[in-house]
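Subject: Structure handover

Hello,

Please find the structure below, with the sequence alongside. My notes on what was found follow directly after.

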Amino acid sequence: MAKYKIIATAAMGIEALVAKEVRALGYDCEVDNGKVIFEGDELAIARCNLWLRTADRIKVQVGQFKARTFDELFEQTKALNWGDYLPVDAQFPVSGKSVKSKLFSVSDCQSIVKKAIVDSMKKHYNKTTGWLEETGSTFKIEVALLKDVATLTIDASGAGLHKRGYRVGQGEAPLKETLAAALIMLTPWSANRPFVDVFCGSGTIAIEAALIGQN
């Protein structure tokens, strides 16, 4: 199986908890602001989506490079092997963000990345004419610029990992399930002890404790 650079995003301040979970799954990792970075295959991507309780989202990093001009962004994006990640009929919307970078126009960066990926895909699939028909599965791509370094990722989670499926509605100030799980994991509580959450509201913390206790 191919190896990928995987990023587990997290709320600021709980990266160490996410890293602990990643290591418990058997993957060495490094911790950065708001994310945990490690390597793994397709199985690792699936396992992390299923078992990480405190991560917000799993992303696959396709490339990272310096980009101070639109030409640099286009050419280096085009040089990446997008055909190894995207089928010929993939739908690939591009989102973006820019912090402390010369390329501050996010909409322009998104358009350039989209065009570069189209050119790369056409070359990979030997399509010399016509458009790419985006009728297949959706692969959400993000271009994130930080201090002139562009990081291109594909979202591997779909819906955020905090959406466990048991909450249909939500109150005025809902607590994310990932954060509830993190709060529990920061305590010395274990599954063989009683769990009490006074004034628990909608019960998110108690439900997450039950899920942790039942594994």
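Glu-208 and Arg-164 form a salt bridge, with 3.0 Å between the closest N and O atoms. Glu-208 belongs to helix α6 (residues 204-214), while Arg-164 sits in the loop between β7 and α5, so this pair ties together parts that are 44 residues apart in sequence. Glu-208 has a relative accessible area of 0% and is buried. Arg-164, at 26% relative accessibility, counts as partly exposed. Please keep in mind that this is a predicted model.

A search of the whole structure gives six salt bridges. Two others are described here.

One of them joins the side chains of Arg-57 and Asp-155, at 3.1 Å from N to O. Arg-57 is in strand β4 (residues 57-66) and Asp-155 is in strand β7 (residues 149-155), so the bridge ties together parts that are 98 residues apart in sequence. Is Asp-155 buried or exposed? With a relative accessibility of 16%, Asp-155 counts as buried, because the cut-off for buried is under 20%. Arg-57 has a relative accessible area of 24% and is partly exposed.

Strand β4 also holds Lys-59, whose partner Glu-142 lies in strand β6 (residues 141-146); the pair therefore ties together parts that are 83 residues apart in sequence. In this salt bridge, between Lys-59 and Glu-142, the closest N and O atoms are 3.0 Å apart. Lys-59 is buried, its relative accessible area being 14%. Glu-142 counts as buried as well, at 17% relative accessibility.

Now the overall picture. The protein has six helices and seven strands. Read from the N terminus, the order of these elements is β-α-β-β-α-β-α-β-α-β-β-α-α. Along the principal axes, the C-alpha atoms fill a box of roughly 65 × 35 × 35 Å. The protein has 215 residues, and 41% of them count as buried. What share of the contacts between residues at least 6 apart in sequence joins residues at least 24 apart? The share is 71%.

Leu-183 is placed in helix α5 (residues 177-185).

The last item is Ser-120, which is found in helix α4 (residues 106-124). Ser-120 counts as buried, at 10% relative accessibility. Which residues does Ser-120 touch, leaving aside those up to four places away in sequence? They are Lys-78, Leu-80 and Trp-82.

Regards

Conventions
Residues numbered from 1 in each chain as written. Predicted model: local features only at pLDDT ≥ 70, side-chain atom pairs only at ≥ 80, totals over all residues. Heavy atoms only, no water. Helix = DSSP H or I, 4+ residues; strand = E, 2+ residues; numbered from the N terminus. Buried < 20%, exposed > 50% of the residue type's maximum accessible area, 1.4 Å probe, protein only. Contact = heavy atoms within 4.5 Å. Salt bridge = Lys/Arg side-chain N within 4 Å of Asp/Glu carboxyl O.
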